[in-house]
Amino acid sequence: MVPEVGHFAIILALCVASAQAFFSLVGAVRGHVNWMAVSRPSAYILFFLTAFGFCCLVISFLTNDFSVLNVASNSNSQLPWAYRLAASWGSHEGSLLLWVLMLSGWMAAVARFSKGVPADMLSLILGVMALVAIGFYSFLLLTSNPFDRLLPPALDGRDLNPLLQDPGMVIHPPMLYMGYVGFSVVFAFAIAALISGRLDTTWARWSRPWTTIAWAFLTVGIALGSWWAYYELGWGGWWFWDPVENASFMPWLCGTALMHSLLVTEKRGSFKIWTVLLAIITFSLSLLGTFLVRSGVLTSVHAFATDPERGVFILGFLVFVVGASLALFAWRAPKVGLGGKFDLISRESALLANNVLLVVAAASVLLGTLYPLFLDALGFGKISVGPPYFDAVFIPIMAPAMFLMGIGPIARWKKSSVPDLAARLKWAFFTAIVSALLIPFVMGDWSWLVSFGLVMAIWIALAGVVNLWTRLRQMTSSGDKTIFASLISLPNSYFGMLFAHWGVAVFVVGVTLVGGYEVEKDVKMTIGNTVTIGDYTIRLDALTELDGPNYTGVEGSMAILVDGEEVDRMFPQKRLYTVQQMAMTEAAINTGLTRDLYISLGEPLNDGSWVVRVYLKPFVDWIWGGAFLMALGGILAVSDRRYRKASQASNSTGEATSS
Amino acid sequence: MKPRHKRLILVLLALALIGVGASFVLKAFRSNLVFFYTPTEVFAGKVPDGQAFRIGGMVLEDSLQRQNDGITVQFEVTDSIENVPVQYTGILPDLFQEGKGVVAQGRLNAGGIFVADQVLAKHDENYMPPEAAEAMERARKIKMESK
């Protein structure tokens, strides 16, 4: 009964979304106030229905209802309940249901937190989101119904893919989808601006926080995916330029550009057309990312096996959304108008250059990701584009962007001068160069690439320090404020910028030092053998049998010695998940601020010994630390008091303007 | 005329940068394309010399052999028509099994053995990488045509 009720709820949701789209859009264009009034409540109803449907699926999983095909394919009675919950979004159908849940959630949020937005704009925005929703709900109901029954019911389920039975993998999709779906909000704002022909700094002020939150979530989602690949796949790598990774990275790059472009539109009224175009591009890449994973053309642990019918629907929907929005853009963009002028040396031009570089980087990643797919689709055989291409292309494009990250926040709006900038930044510049040249010697080996990475990271970090220092000095120079008082009076959005940029610096340090100084050893070990890596000696002391809830396996007990003294003990495991008969490596990782010690069991050999892989990874956690710092910066920026003030002000005058 | 000259120079500069950037990207692209060949094609000598490429198919049952150092393995990849011997030094991915799909990237050495740099473990829910599935599909077509 429960699955049918859930199914019905989703069908109702589709009907509500259709009504919402029709009345909101036509009402806004024609000026029918009563029709426009439909948009807000229908968003709330849509979310309620979708959440209800989602709960029905979750209940089916938690109660082990193997008469539901999705539960039988992705769960098992021995599966711990937390993973049974996660299994509800572990499959193609379930993850789509999560997607529409998030979409309806964002729509409800937009309906709730948009007091200052005029009724017709809000109606257009919710109407556009409803159109997107129609596409996804139809896709779900027509081709990917998670509520399909399996009759006669299975005795037990096929179990969740062991690779997904992991906390990191559980939150990775929700975070990622919050980001992907979140970009639909700014997309809807952009389309609404095009339709209405109204795009001003107020529009930018509304859309900016939505974009930043979505971006922060996407950052976390990507970081989680990378971290998971590191500790779960057993190879110690954190980024493979895998098509599926690229599919999430491209919207991130364009989303970053969009965030910065919105900043200019809000502060200076410039870059309007560019911002709208970026919003369309970012969301299109989000859709592309969501769908690429389901197309069946990718060799990846992510790839869901799908049938051609789904692929055709997906492609059609994608072409429609991108085509229609670009057509609308081409038709209506001139109505939106141009912004203010600015000099060649100014904050605007720094941000513009940064934008262009980010988009070019995204385009080159797109080329490397889609080209093999195109060739394959045209029947020219299967090729793959190796990671060296992406590294060779991405890093040189990002280098000037990182350099500009130091300059942009310090440059003045509209017109800045090179001598002025040079004077303010010369200390940071020279310190960066000197320390970047010296640090590799401290680490052991000197290399160009390491020095280059460090220069960029230290430059960005120090430029941020200079920025803060200069600002504090200005505030305390009049004598009536202490440094501490000035510090806490600075707006959250300023700290958001500083933290996010420092996050980039931390990230680059991690990437550079791990790439330059990681050590990997594959050795054959029996009990009593040792292997040395860096300052550590690792000794295999014991191998014990494992008995888990839905797996068996072997666990090694490895002593970690420094100068003969045991400082730690690590327990790598090799598991065999009984239902799917799938082997899994559970690496043992000793995490530290300056290095990770990583041990994974490879394969057992006939004589009872094991092939063991040992890694020493310096500063690898700075990679994800940097990413989380970036996301934190985003959250800080959104928590700025001017957004709260704005909503308070419009609360008092709100109802007068929304007619 | 000054602003106009400035703008012209700017446009030319931008075009030059784009040109340089594009040629750079395409060069990096071309030198990193890895082509895929089925065991039949490898056996027939269709693979260009010395270049890295990918091979895919099924791991031949009972073909997995470990060398004495414990880390180097040999096995055979088959598309049910031809078998190609593969040698790999390193830990095989968890999903690697005899009788299941596999994709490896590497080079053919002088002795006709495929020396793999990577053995790929990525696959879909059916434990068959698309490239391996492709190899089996092409072999099936050849067999049908020869009937």
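**Notes on chains A and B**

1. With 21 C-beta neighbours inside 10 Å, Ala587(A) counts as buried (20 or more other C-beta atoms within 10 Å of its own; 12 or fewer is exposed, in between partly exposed, with C-beta atoms placed from the backbone). This is a predicted model, in which local features need pLDDT of at least 70 and side-chain atom pairs pLDDT 80 or more, while totals for chains, interfaces and linings use all residues. Residues are numbered from 1 along each chain as its sequence is written, with chains lettered from A and ligands numbered from 1 in the order in which they are written.

2. Staying with Ala587(A), you will find this residue in the loop between β8 (582-586) and β9 (588-591) of chain A (helices are DSSP runs of H or I with at least four residues, strands runs of E with at least two, numbered from the N terminus). Leaving aside neighbours within four places in sequence, Ala587(A) is in contact with Tyr231(A), Gly234(A), Pro572(A), Tyr598(A), Ile599(A) and Ser600(A) (C-beta atoms, placed from the backbone, within 7 Å). Gly236(A) is 351 residues away from Ala587(A) in sequence, yet their C-alpha atoms are 9.2 Å apart.

3. Gly179(A) sits in helix α8 (residues 167-196) of chain A and is also buried, having 27 other C-beta atoms within 10 Å. Beyond four places in sequence, Gly179(A) is in contact with Ala214(A), Trp215(A), Phe217(A), Leu218(A) and Gly221(A). From Gly179(A) to Trp252(A) there are 73 residues along the chain and 8.8 Å between C-alpha atoms.

4. Next, a helix pair worth a look: α9 (residues 201-232) and α10 (residues 243-268) of chain A pack at about 155°, their axes 9 Å apart (lines fitted to C-alpha atoms over the stretch in contact, with angles from 0 to 180 degrees between N-to-C directions). The two helices are therefore roughly antiparallel (over 145 degrees; under 35 is roughly parallel, 65 to 115 roughly perpendicular, the rest oblique). Their contact residues divide into 11 nonpolar, 11 polar and 4 charged (Ala, Val, Leu, Ile, Met, Phe, Trp, Tyr, Cys and Pro are nonpolar, Asp, Glu, Lys and Arg charged, the others, Gly among them, polar).

5. Helices α6 (residues 92-112) and α7 (residues 119-143) of chain A make another pair, with axes coming within 10 Å and crossing at roughly 165°. α6(A) and α7(A) are therefore roughly antiparallel as well. On the α6(A) side the contact includes Leu96(A), Trp99(A), Leu103(A) and Met107(A), and on the α7(A) side residues including Ile125(A), Met129(A), Phe136(A) and Leu140(A). This contact divides into 17 nonpolar residues, 1 polar and no charged.

6. Stepping back, chain A has 20 helices and 11 strands. Its radius of gyration is 27 Å, close to the 26 Å that the globule rule gives for 659 residues, so chain A is as compact as a globular protein of that length (C-alpha atoms; the rule is 2.2 Å times the number of residues to the power 0.38). The C-alpha trace of chain A spans about 80 × 75 × 55 Å along its principal axes, and 52% of its residues count as buried. Of its contacts between residues at least 6 apart in sequence, 74% join residues at least 24 apart.

7. The C-alpha trace of chain B spans about 80 × 45 × 35 Å along its principal axes. Buried residues make up 37% of chain B, and 55% of its contacts between residues at least 6 apart in sequence join residues at least 24 apart.

Conventions
Contact = placed C-beta atoms within 7 Å.
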